[in-house]
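Thanks for coming. I have one structure to go through this morning, and I will keep to what can be read from the coordinates.

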Amino acid sequence: MRDCAIFGLLGPQMQLSTNFDFLTVHDAKLAQLASRAEDYFQDDPVTAIIKLRQFAELMAKLVADGSRGGGNAGHPAA
């Protein structure tokens, strides 16, 4: 069932790490991807790298959206 994590599916025994809860303020998906990478890094390093790439791509998108004056995309209302 671990292979399903590549596509973002969670098995019933999988829980998100609390190490990345601070990211939910910016985007809940960031916290989820970081937690998945941490979860897989010992048992399935390839999947961990995929999750880290997805994390980096989302981070870049959020930064780019913010620098374009696209409002607070992914950020709580101020």
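Arg36 sits in helix α1. This is a predicted model, so please hear everything that follows as a description of a prediction. Is Arg36 buried or exposed? Its relative accessibility is 3%, and with the cut-off for buried at under 20%, Arg36 therefore counts as buried. Along the chain, Arg36 and Ile50 are 14 residues apart, and their C-alpha atoms are separated by 9.7 Å.

Arg36 also takes part in the contact between the two helices, on the α1 side. So let me turn to that pair. Helix α1 covers residues 28-40 and helix α2 covers residues 45-67. In general, a packed pair is described by the angle between the axes and the distance between them. Here the axes come within 8 Å and cross at roughly 160 degrees. An angle over 145 counts as roughly antiparallel, and α1 and α2 are therefore roughly antiparallel to each other. The crossing of α1 past α2 is left-handed.

Which residues make the contact? From α1 there are Lys29, Leu30, Leu33, Ala34, Arg36, Ala37 and Tyr40. From α2 the list is Pro45, Thr47, Ala48, Lys51, Leu52, Gln54, Phe55, Leu58, Met59 and Leu62. Sorted by class, the contact of α1 with α2 has twelve nonpolar, two polar and three charged residues.

Next, another residue of α1. Ala31 lies in that helix and is buried, at a relative accessible area of 7%. What does Ala31 touch, leaving aside residues up to four places away in sequence? The answer is Phe20, Leu23 and Thr24.

Thr18 is in the segment before α1. Thr18 and Gln32 are 14 residues apart in sequence, and the C-alpha to C-alpha distance is 9.8 Å. Thr18 itself is exposed, with a relative accessible area of 62%, whereas Ala31 is buried.

Last, the chain as a whole. The protein chain has two helices and zero strands. Of its 78 residues, 29% are buried. The accessible surface comes to about 5200 Å², and 61% of that belongs to carbon and sulfur atoms. Taking contacts between residues at least 6 apart in sequence, 48% join residues at least 24 apart.

To go back over the main points: Arg36 is buried at 3% relative accessibility, and α1 and α2 are roughly antiparallel with a left-handed crossing. That is what I have; questions are welcome.

Terms used: Residues numbered from 1 in each chain as written. Predicted model: local features only at pLDDT ≥ 70, side-chain atom pairs only at ≥ 80, totals over all residues. Heavy atoms only, no water. Helix = DSSP H or I, 4+ residues; strand = E, 2+ residues; numbered from the N terminus. Buried < 20%, exposed > 50% of the residue type's maximum accessible area, 1.4 Å probe, protein only. Contact = heavy atoms within 4.5 Å. Areas by Shrake-Rupley, 256 points an atom, 1.4 Å probe, with all protein chains shown as cover. Axes fitted to C-alpha atoms, helices over the stretch in contact; angles between N-to-C directions. Parallel < 35°, antiparallel > 145°, perpendicular 65-115°, else oblique. Left-handed = near helix turned anticlockwise from the far one by under 90°. Nonpolar A, V, L, I, M, F, W, Y, C, P; charged D, E, K, R; others polar.
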